[in-house]
Amino acid sequence: MTRWNPTDRWVLSRQRSHAQLGSEADFVAIQRMRSGRPNQDGESREYLFAGLLRCDTCSRRMDSHWVHGRPGYRCRHGHTGPRTEHAPATLYLREDHLITRIGHALHMPVVASPSLVAAQLRARHIMIVCTADGVSVELPRPILRAA
Ligand SMILES: [Zn+2]
């Protein structure tokens, strides 16, 4: 039988929080890998804000979604099958529109380098919460800052 002293417990809880951080980082890495992978036509689809956008309606991360030759994002709010009449409308956002909105939210009248903004958001664990009409900035939760 193992007896835990308080130090053991402290180590255990630290390991658990590292595991959570790892999965968060993995998720973002996978999203970026997927987003940079060429499709069958050899076209490389790049999504600047993959993993950085959260849906305000349901709090899920938004999916990267290519539409009409342009990068965009969508949230189906967890619905995977055919749409039912009671399901909330899918949120679709074009990346070029998002760049302008994120710029406003960050008090940048002109976004000269959207990829630099995306890298800064990623590095600081800042999420962008999206509605059909606008965005807001979500600062990192304390668990991320503690690491
Ligand atoms: Zn949603």
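This is a predicted model: local features need pLDDT of at least 70, side-chain atom pairs count only at pLDDT 80 or more; totals for chains, interfaces and linings use all residues.

Q: Which residues are exposed on the other side of α3?
A: L116 and A123 are the exposed ones there. Exposed means over 50% relative accessible area, buried under 20%, and partly exposed in between, with a 1.4 Å probe and protein chains only. Residues are numbered from 1 along each chain as its sequence is written, and side-chain values use heavy atoms, with hydrogens and water left out.

Q: And which residues of α3 are buried?
A: V117, A118, L121 and R122. They cover an arc of only 135° around the axis, so they sit on the same side of α3. The arc is taken over the directions from the helix axis to the C-beta atoms.

Q: Why would residues three or four places apart point the same way?
A: Because an α-helix has 3.6 residues a turn.

Q: OK, zoom out. How many helices and strands are in the chain?
A: Four helices and six strands. Starting at the N terminus, the order is α-β-β-β-β-α-α-β-β-α. Those are DSSP runs numbered from the N terminus: helices are H or I with at least four residues, strands are E with at least two.

Q: What share of the chain is buried?
A: Buried residues are 31% of the 147 in the chain. The chain exposes about 10,100 Å², and carbon and sulfur atoms supply 53% of that. Those areas come from the Shrake-Rupley method with a 1.4 Å probe, and for residues only the protein chains shown count as cover.

Q: What does the pLDDT look like?
A: The chain averages 79, and 67% of the residues score at least 70. pLDDT is the predictor's confidence in each residue, from 0 to 100.

Q: Where does pLDDT stay under 50?
A: Over residues 4-22. For that stretch the model has seven contacts beyond four places in sequence. A contact means heavy atoms within 4.5 Å.

Q: Now the metal. Which residues coordinate the zinc ion?
A: C55, C58 and C75 through SG, plus H77 through ND1, at 2.0 to 2.3 Å. Donors are N, O and S atoms within 2.8 Å of the metal (3.2 Å for Na, K and Ca), and water is not among the atoms, so sites may look incomplete.

Q: What geometry does the site of the zinc ion have?
A: Tetrahedral, with angles of 101 to 119° among the four donor atoms. Four donors get that label if all angles lie between 85 and 135 degrees. Along the chain, the donors follow the spacing C-x2-C-x16-C-x1-H.

Q: Is C55 buried or exposed?
A: Buried, with a relative accessible area of 1%. H77 counts as buried too, at 9% relative accessibility.

Q: Switching to α2, which residues are buried there?
A: In helix α2 (residues 95-105), they are E95, L98, I99, I102 and G103. Looking down the axis, they fall within an arc of 140°, so they line one face of the helix.

Q: What do they pack against?
A: The buried residues of α2 pack against β1, β3, β4, α3 (114-123), β5 (127-130) and β6 (135-138).

Q: And T100, where does that lie?
A: In helix α2 as well. T100 is partly exposed, at 48% relative accessibility. T100 and V110 are ten residues apart in sequence, with 7.7 Å between their C-alpha atoms.

Q: What comes after α2?
A: H107, whose phi is positive, near 60°. H107 sits in the loop between α2 and α3, and is exposed at 72% relative accessible area.

Q: Which residue takes a positive phi just after α3?
A: H125, at about 60°. H125 is partly exposed, with a relative accessible area of 39%. The C-alpha atoms of H125 and P140 are 5.5 Å apart, though 15 residues separate them along the chain.

Q: What about the phi of H68?
A: Near 50°, a positive value in a residue other than glycine. H68 is in the loop between β2 (63-67) and β3, and is exposed, with a relative accessible area of 71%.

Note on methods
Four donors count as tetrahedral if all angles lie between 85 and 135 degrees; four count as square planar and six as octahedral if opposite donors are over 155 degrees apart and all others between 65 and 115; anything else is irregular.
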